[in-house]
Amino acid sequence: MIKLTNNRSENYRQIFTLFTEELWENQKTGYPKSVQQFFNGKKNEVFSLIEGDSVNYLVGLGKSNFKDFEIQQVAAKFSNSHQKTFQDTATKISAEFAGEHQLEEFIKGLFLGSYKYPFNKEHPFWRENFELHTESFDQNKLDEISETVQALCKGQFAAMDWLNKPANAKDVYQISEFLKNLAQEKNLKYTAFNRKQCEDLGLGAFLSVNQGSGKEAAFTILEYKAPDENAKTIGLVGKCVLFDTGGISLKNPDNMHYMKSDLGGATAVIGTLIAAAEMKLPLNIVAVLPITDNAISRDAFTPSDVFTAYNGKTIEVLNTDAEGRMTLADGLSYLSKNYKTDVLIDLATLTGSAVRMFGDTCGALFSNNEELKNQLLKSGDETNQRLWNLPLWDIWKDDISSDVADFKNISMKPVGDCIVAAKFLEHFIEGHQNWAHLDIAGVAFGNVNYAKEKAATGYGVQLLLNFIKNYF
């Protein structure tokens, strides 16, 4: 439980004092010269001022024109790097310049920065005696912030844990059991189709990827129902390839161990669902997760195979490592044909092209709706889970035209594959007029403070929650 109160104590053993460079310049004469020599209020600077049995952590935020998400960044780094010296005690936050939203961002950062894999509550901030005191805000507002941060942490930490798990700890049975339990706990409707049921339904594009697996298929639908009967509905499809060998079109083995991260779209959706249910957000969510791995076996699909997707379109497979768009094709068309949604968004760690284009700076955004595109860009800027818009021009139609099927699953050209993939997926949204595709291959898994090698970043959860709160 996150404890946040406007109580006041006479003697604090631990204080977090926030400074911008300008504020420090005005107040530094009130501190010893030794402090002035080593602390300037610059971003991510921390000075531990010990007075008796009390520690005052002076935390620098940089120039006063910072964006709110930068407070979260500073707090997360502070939380992670100083956890060995923190005490689990009543702690005062001194931030006289901070508004409600800025305080919320700081609290988010403190607790999000406590993550490590696997998540546990060993960090001092999660211990029973730790609580945060601030006199500047009404207790009702502080309770609201506490509940929001608690919900966000539950969602984002679950998402990060599932992305970080080794491949043999997240097969289709394990993640399905988790989702069943989650549905029961959060009162979500849970539906899952196994391989035979998928065959009966005609989910041929999804099954093409699964046919090489020694594990069952699990085409899974989770539904969150808002308290309001007139609530709007958002449809989410998350790529959920549990491990991607590339199939017959085998990936280079040097970094193949990172392919345990190929469900980053799905984990973002799962984290959002958890947080939305915790917050009781006023909209309905229908989430489709086509769960499988992409394995090599005598039954694996091969280049030149042709499959029929759920919507009846045929697809020629030229590269079995372009498997994500096959699973998403059936996920999008199934959701579009069986549910009425006001907005449709898919998220996927889809292409190396997006990584080469943007690195870990932002995700690639494609949308057929200007208002939706602009709101997603705004949400990305506000959360620092940024997106960059790319076009869906019809000039790319020819790149996915096939001689033996309606489409081919890759263009074979050495450029622009993230755009070609989006153009491919557009044929499976069944005319939905409010759709966006997010290719998050470069941002879902990367360099982080809490791990020595690449690991889950948590990208997507705050982006989607911000979008939901501001769009609906």
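Ala, Val, Leu, Ile, Met, Phe, Trp, Tyr, Cys and Pro count here as nonpolar, Asp, Glu, Lys and Arg as charged, and the others, Gly among them, as polar. This is a predicted model, so local features need pLDDT of at least 70 and side-chain atom pairs count only at pLDDT 80 or more, while totals for chains, interfaces and linings use all residues. Residues are numbered from 1 along each chain as its sequence is written, and side-chain values use heavy atoms, with hydrogens and water left out.

**View A. The largest cavity has a lining without charged residues.** A cavity is a set of points on a 1 Å grid over the protein atoms alone where a 1.4 Å probe fits but cannot get out, and its lining residues have an atom within 4 Å of a point. Grid points are joined across faces, edges and corners, and the volume is the space filled by probe spheres set on the points. Searching the whole structure turns up three cavities of 30 Å³ or more, and the largest holds about 40 Å³. Look for Ala159, Met160, Leu163, Gly264, Thr267, Ala268, Ala444, Ala456, Gly458 and Tyr459 around it. That lining splits into seven nonpolar and three polar residues.

**View B. Six strands make an open, mixed sheet.** Reading across, the order is E1-E6-E5-E2-E4-E3. Two strands pair if DSSP finds at least two bridges between them. At the edges sit strand E1 (4–5) and strand E3 (46–51), each pairing on one side only. Strand E5 (residues 90–94) and strand E6 (residues 131–133) run parallel and share three bridges, with Lys92 partnered by His133 in E6. Helix H3 (residues 68–81) lies across strand E2 (14–19), E3 and strand E4 (54–60), at about 140° to E4. For that angle, axes are lines fitted to C-alpha atoms, for helices over the stretch in contact, and the scale runs from 0 to 180 degrees between N-to-C directions.

**View C. E3 and E4 form an antiparallel hairpin.** Six bridges hold this pair together, and Phe47 faces Leu58 in E4. Two residues sit between the strands, and Gly52 takes a positive phi near 65° in this hairpin.

View D. Most residues other than glycine have a negative phi, and most peptide bonds are trans. Asn44, not a glycine, has a positive phi of about 75°. You'll find Asn44 in the loop between helix H2 (33–38) and E3. The peptide bond from Tyr117 to Pro118 is cis, with omega near -15°. Pro118 belongs to the loop between helix H4 (100–112) and E6.

**View E. Three strands, E12-E13-E17, form another open sheet with mixed pairing.** E12 and strand E17 (407–408) stand at its edges with a single partner strand each, so one side of each has no neighbour in the sheet. E12 pairs with strand E13 (residues 314–316) in the antiparallel sense over three bridges. Thr308 stands opposite Thr314 in E13.

**View F. Gly359 and Gly442 come together in space at 5.3 Å, C-alpha to C-alpha.** In sequence these two are 83 residues apart. Gly359 lies in the loop between helix H11 (352–358) and strand E15 (363–367) and is partly exposed, with a relative accessible area of 25%. Beyond its neighbours within four places in sequence, Gly359 is in contact (heavy atoms within 4.5 Å) with Ala354, Gly442 and Val443.

**View G. Met256 is a buried loop residue.** Its loop links strand E10 (240–244) and H9, and its relative accessible area is 16%. Which residues touch Met256, leaving aside its neighbours within four places in sequence? They are Phe243, Asp244, Thr245, Leu250 and Lys251. Met256 and Asp244 are 12 residues apart in sequence, with 8.1 Å between their C-alpha atoms.

**View H. Helix H13 (residues 417–425) is mostly covered.** Nine of its nine residues are buried, including Asp417, Cys418, Lys423 and Phe424.

Note on methods. Helices (H or I, at least four residues) and strands (E, at least two) are DSSP runs, numbered from the N terminus. On a 1 Å grid over the protein atoms alone, a cavity is a set of points where a 1.4 Å probe fits but cannot get out, and a pocket is an open set with protein on both sides within 12 Å along at least five of seven lines; lining residues have an atom within 4 Å of a point. Buried means under 20% relative accessible area, exposed over 50%, partly exposed in between (1.4 Å probe, protein chains only).
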